[in-house]
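Visitor: I would like to learn how to read a structure such as this one, feature by feature. Could you take me through it?

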Amino acid sequence: AVVSTRSSIKRLHAAFYVRNSMVAKTLCLAALATLTGNAYAKVYFEEKFADDWESRWTKSTWKESEGAAGEFTLTSGKWYADENDKGVQTGPDARFYAMSAEIEEFSNADKPLVIQYQVKHEQKLDCGGGYIKLLPKIADMTEFKGETDYNIMFGPDVCGLSTKRVHAIFNYKGKNLLTKKEVKCETDQLSHVYTFVVKPDNTYEILIDLESKQTGSLYDDWDFLPPKMIEDPEATKPEDWDERPKIVDPTDVKPDGWDDIPEKIADPEAEKPEDWDDEDDGEWEPPMIDNPEYKGEWVPKMIDNPDYQGIWKPPEIPNPEFEDDPNLYKYDGERAFKYVGFELWQVKSGTIFDNILVTDDIDYAKEFASKTWGAMKDAEKEMFDKIEEERKAEEEAERKRAEEERAALEDEEDDEDDDEDFEDEDEDEETAGATHDEL
């Protein structure tokens with residue numbers, strides 16, 4: 001019995017050791033994953049706009065001959081968290097701004113694509129774009145312009161009160177497809193980070209300031225493909241199809257005497273005027289008024305049509321032009337990504353772009369945004385609020401000065417008017433005295 005007990009104890013110890021070894025191994029793997037973080041994230045392009053940024057970016061010659069080409073200038077702007085943390089800013093006003101950078105050529109086949117960058121409309125943009133483009137290796141970048149072929153265009157677009165949206169445009173088989181979903185962009189004067197995630201299962205996500213604003217399917221939210229089903233073009237509505245929801249009640253009968261009630265009657269309260277002369281004025285007749293008992297033309301009541309079949313629609317059939325494409329998300333071969341660029345028009349310039357990232361890892365992108373935009377946004381807003389407070393105080397002081405100057409000017413004009421009145425009175429007195437002397 002003792003030997004049996006000892007054997008059982010040994011087996012329990014062995015089982016406990018194996019179990020705890022597996023737990024320990026699992027914990028080690030989890031810890032390793034946490035420590036390595038995004039070690040396997042592939043970064044295709046990352047731009048923080050250091051002093052040497054112009055060595056990586058090429059300004060387009062587009063619109064230069066017309067004198068309508070704008071510039072990108074390295075600056076931290078008017079409000080910031082760190083004066084040395086800079087981006088590139090558009091200028092001057094009412095120009096076309098275009099530049100591009102070559103990136104590592106890649107395809108997003110079988111993996112996510114993440115496009116992310118930071119935008120600050122310091123000028124309080126009233127009309128213009130703030131979007132970024134990813135372009136294929138076949139694109140002609142010698143004169144990068146609006147017509148240059150691209151793969152994806154993403155980012156904010158503002159024009160007046162009607163257009164304040166985030167563009168998400170795919171080029172598919174030569175056509176630029178706009179999203180059918182409306183995503184509002186930020187319109188204040190602070191920095192915001194825009195993120196576009198395209199997944200190999202043909203789903204997507206749009207984030208602003210790391211908050212999800214829109215998710216969905218490429219199939220549903222863009223017109224990549226024609227509809228699977230279409231109305232049968234050869235179908236015709238049956239002749240006996242009844243689309244009348246209501247019909248005349250066949251049992252309803254017009255009441256007797258309905259048509260005998262006149263629409264107008266003589267006013268029973270009218271009286272013949274006392275000065276009315278029948279010989280001179282003719283026979284007096286009372287004026288006519290609306291008959292309160294008149295009910296109008298009789299119309300039989302309507303009832304639900306028991307034979308109503310609804311509005312006829314042709315039956316649907318499979319669309320012969322539909323061909324499924326499980327690779328809507330993918331750009332490869334000649335469409336492989338090779339360039340990133342800005343191609344914009346702005347009425348009022350001053351937008352600052354920074355912290356551009358193209359990667360295949362959404363977690364790395366979020367970490368990157370947290371370390372850049374996330375680390376500076378509060379300090380930037382604090383400086384912006386202080387500048388705004390000073391600006392409003394200065395405007396108020398200027399308004400008061402203008403009012404005081406206007407009041408002083410009005411007082412001066414009143415004094416001049418009083419002096420003129422006194423002079424007129426003296427002249428009147430002198431004239432009156434001279435007249436008196438002559439008399």
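Visitor: What volume does the largest cavity have?

Guide: This is a predicted model, in which local features need pLDDT of at least 70 and side-chain atom pairs count only at pLDDT 80 or more, while totals for chains, interfaces and linings use all residues. Residues are numbered from 1 along each chain as its sequence is written, and side-chain values use heavy atoms, with hydrogens and water left out. A cavity is a set of points, on a 1 Å grid over the protein atoms alone, where a 1.4 Å probe fits but cannot get out; grid points are joined across faces, edges and corners, and the volume is the space filled by probe spheres set on the points. Here the largest cavity has a volume of about 130 Å³, and the search of the whole structure finds 3 cavities of 30 Å³ or more.

Visitor: Which residues lie nearest the centre of the largest cavity, and which element gives the most to its lining?

Guide: Lining residues are those with an atom within 4 Å of a point, and helices (H or I, at least four residues) and strands (E, at least two) are DSSP runs numbered from the N terminus. The largest cavity is lined by 16 residues, and Ser-76, Asp-85, Gln-118, Lys-120 and Met-376 lie nearest its centre. Strand S6 gives the most to this lining, with 3 residues, while S6, S22 and helix H5 (373-438) each supply at least two. With Ala, Val, Leu, Ile, Met, Phe, Trp, Tyr, Cys and Pro counted as nonpolar, Asp, Glu, Lys and Arg as charged, and the others, Gly among them, as polar, the lining divides into 5 nonpolar, 5 polar and 6 charged residues.

Visitor: Which residues line the second largest cavity?

Guide: The second largest cavity, with a volume of about 40 Å³, is lined by Val-119, Lys-120, His-121, Glu-186, Thr-187, Asp-188, Leu-190, His-192 and Tyr-194. Two or more of these residues come from each of S6 and S12, and S6 provides the largest share, 3 residues.

Visitor: Is strand S6 itself mostly covered or exposed, and which strands does it pair with?

Guide: A residue is buried under 20% relative accessible area, exposed over 50%, and partly exposed in between (1.4 Å probe, protein chains only). In S6 (residues 113-121), 9 of the 9 residues are buried, and both faces are covered, with Tyr-117 and Val-119 among the buried residues on one side and Gln-118 and Lys-120 among those on the other. Two strands pair if DSSP finds at least two bridges between them. S6 is joined to S12 (residues 191-198) by 8 antiparallel bridges, with Val-119 opposite His-192, and S6 pairs with S22 (residues 351-359) over 7 bridges, also in the antiparallel sense, with Lys-120 opposite Ile-352.

Visitor: How many disulfides does the structure hold, and which cysteines are joined?

Guide: A disulfide is a pair of cysteine sulfur atoms within 2.5 Å, and the structure holds 1, which joins Cys-127 to Cys-159 with an S to S distance of 2.4 Å. The pair links distant parts of the chain, 32 residues apart, with Cys-127 in strand S7 (residues 127-129) and Cys-159 in strand S9 (residues 152-159). The torsion about the S-S bond is about -75°, so this disulfide is left-handed. Cys-159 is partly exposed, with a relative accessible area of 33%, whereas Cys-185 is buried, with a value of 8%.

Note on methods
On a 1 Å grid over the protein atoms alone, a cavity is a set of points where a 1.4 Å probe fits but cannot get out, and a pocket is an open set with protein on both sides within 12 Å along at least five of seven lines; lining residues have an atom within 4 Å of a point.
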